[in-house]
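Biologist: Hi! I'm new to this one, could you walk me through it?

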Amino acid sequence: MDERILVATDGSAASSVAVKKGIDLAKATGAGVIGIYVVDEVAILNAVRLFGADKEDLERKLQATGEEAVRDLKRMADNAGVPVETVVTTGVPANSIIELAKERGVDMIVMGGHGQSGVTKFIIGSVVKNVLYRATVPVLVVR
Ligand SMILES: Nc1ncnc2c1ncn2[C@@H]1O[C@H](COP(=O)(O)OP(=O)(O)OP(=O)(O)O)[C@@H](O)[C@H]1O
Ligand SMILES: [Mg+2]
């Protein structure tokens, strides 16, 4: 297994469509999958600054969301017989996705067209748009 597909999930229904597609693609091509969830540090800082949210509490909640999201991804990959590893990290989502893609030399990135925010007035969300601008490998946007 040399080929690897990086699948980004934010735990939303929109991203679960991308997760399924990424795993299908990996299975069909004999590739492995790396699943990533990024705890959004900017969103945390904004929530603390603007709404007085409890920083540690929010970090814990997002970490738990991420662990559940990558656990679901791993279960689907295991069921499909696709080699899988998962990463939950903290940072700016698009930056962390791009960094991991470079670090691990992945062959493709698969993401949803939208995510958690569910704002569909834009064609695609800001995280996936940012990755599209900067990625040096093919990006599959699933919508
Ligand atoms: N925190 C994250 N960690 C990993 N992947 C993410 C994260 N946030 C978004 N993604 C990936 O990006 C895709 C698109 O989500 P994005 O956040 O760009 O759209 P949105 O939530 O609808 O809009 P926005 O966040 O710009 O308000 C998701 O389906 C997922 O694949
Ligand atoms: Mg989002």
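Modeller: This is a predicted model, so please keep that in mind. In H3, the buried residues are Leu-62, Gly-66, Ala-69, Val-70, Leu-73, Met-76 and Ala-77.

Biologist: What do the buried residues of H3 pack against?
Modeller: They pack against S1, H1 and S2, and also against helix H2 (41-51) and strand S3 (84-91).

Biologist: And what span should the 26 residues of H3 have?
Modeller: At 1.5 Å a residue they should span 38 Å, and the end C-alpha atoms of H3 are 38 Å apart, so the two agree.

Biologist: What comes just after H3?
Modeller: Gly-81, which takes a positive phi of about 75°.

Biologist: How many residues does H4 have, and how far does it reach?
Modeller: H4 has twelve residues and reaches 16 Å from its first C-alpha to its last, close to the 16 Å expected at 1.5 Å a residue. Just after H4 sits Gly-105, with a positive phi of about 55°.

Biologist: Let's zoom out. How many helices and strands does the protein have?
Modeller: There are five helices and five strands. Along the sequence they follow the pattern β-α-β-α-α-β-α-β-α-β. The radius of gyration is 15 Å, close to the 15 Å that the globule rule gives for 143 residues, so the protein is as compact as a globular protein of that length.

Biologist: What box do the C-alpha atoms fill?
Modeller: Roughly 45 × 30 × 25 Å, taken along the principal axes.

Biologist: What share of the protein counts as buried?
Modeller: Of its 143 residues, 36% count as buried. As for contacts between residues at least 6 apart in sequence, 73% join residues at least 24 apart.

Biologist: Now the largest nonpolar core. Which residues touch the most other members?
Modeller: That core has 36 residues, and Ile-5, Leu-6, Val-7, Val-33, Ile-97 and Ile-109 touch the most other members. The elements giving two or more residues to this core are strand S1 (4-8), helix H1 (13-29), strand S2 (32-40), helix H3 (55-80), helix H4 (93-104), strand S4 (108-112) and helix H5 (126-134). As background, nonpolar side chains tend to be buried together in soluble globular proteins.

Biologist: Take Ile-5. What does it touch?
Modeller: Not counting residues up to four places away in sequence, Ile-5 touches Gly-22, Leu-25, Ala-26, Ala-31, Val-33, Val-106, Asp-107, Met-108 and Val-110.

Biologist: Where is Val-19 found?
Modeller: Val-19 is in helix H1.

Biologist: Is Val-19 buried or exposed?
Modeller: Val-19 has 25 other C-beta atoms within 10 Å, and 20 or more is the mark for buried, so Val-19 is buried. Leaving aside its neighbours within four places in sequence, Val-19 is in contact with Val-7, Thr-9, Leu-73 and Met-76. Val-19 and Ala-77 are 58 residues apart in sequence, while their C-alpha atoms are 9.2 Å apart in space.

Biologist: How about Gly-32? Where is that?
Modeller: Gly-32 is found in strand S2. With 17 other C-beta atoms within 10 Å, Gly-32 is partly exposed.

Biologist: And Val-42, buried or exposed?
Modeller: Val-42 is exposed, with 11 other C-beta atoms within 10 Å. Its place is in helix H2. The C-alpha atoms of Val-42 and Thr-29 are separated by 36 Å, and these two residues are 13 apart along the chain.

Biologist: Where is the place of Phe-122?
Modeller: Phe-122 is in the loop between S4 and H5. Phe-122 counts as exposed, with 11 C-beta neighbours inside 10 Å.

Biologist: Last topic, the ligand. How many residues surround ligand 1?
Modeller: Ligand 1 is surrounded by 23 residues, and the closest are Ser-15, Gly-112, Gly-115, Gly-125 and Ser-126. H1, S2, S4 and H5 are the elements that give two or more residues to this shell. The largest share, four residues, comes from S2.

Biologist: And what is that shell like by class?
Modeller: By class, the shell around ligand 1 has eleven nonpolar, ten polar and two charged residues.

Terms used: Residues are numbered from 1 along each chain as its sequence is written. Chains are lettered from A and ligands numbered from 1 in the order in which they are written. This is a predicted model: local features need pLDDT of at least 70, side-chain atom pairs count only at pLDDT 80 or more; totals for chains, interfaces and linings use all residues. A nonpolar core is a set of buried Ala, Val, Leu, Ile, Met, Phe, Trp, Tyr and Cys residues joined through C-beta atoms within 7 Å. A residue is buried if 20 or more other C-beta atoms lie within 10 Å of its own, exposed if 12 or fewer, and partly exposed in between; C-beta atoms are placed from the backbone. Two residues are in contact if their C-beta atoms, placed from the backbone, lie within 7 Å. A residue is near a molecule or strand if its C-beta atom, placed from the backbone, lies within 6 Å of it. Ala, Val, Leu, Ile, Met, Phe, Trp, Tyr, Cys and Pro count as nonpolar, Asp, Glu, Lys and Arg as charged, and the others, Gly among them, as polar. The radius of gyration is taken over C-alpha atoms; the globule rule is 2.2 Å times the number of residues to the power 0.38. The expected span of a helix is 1.5 Å times one less than its number of residues.
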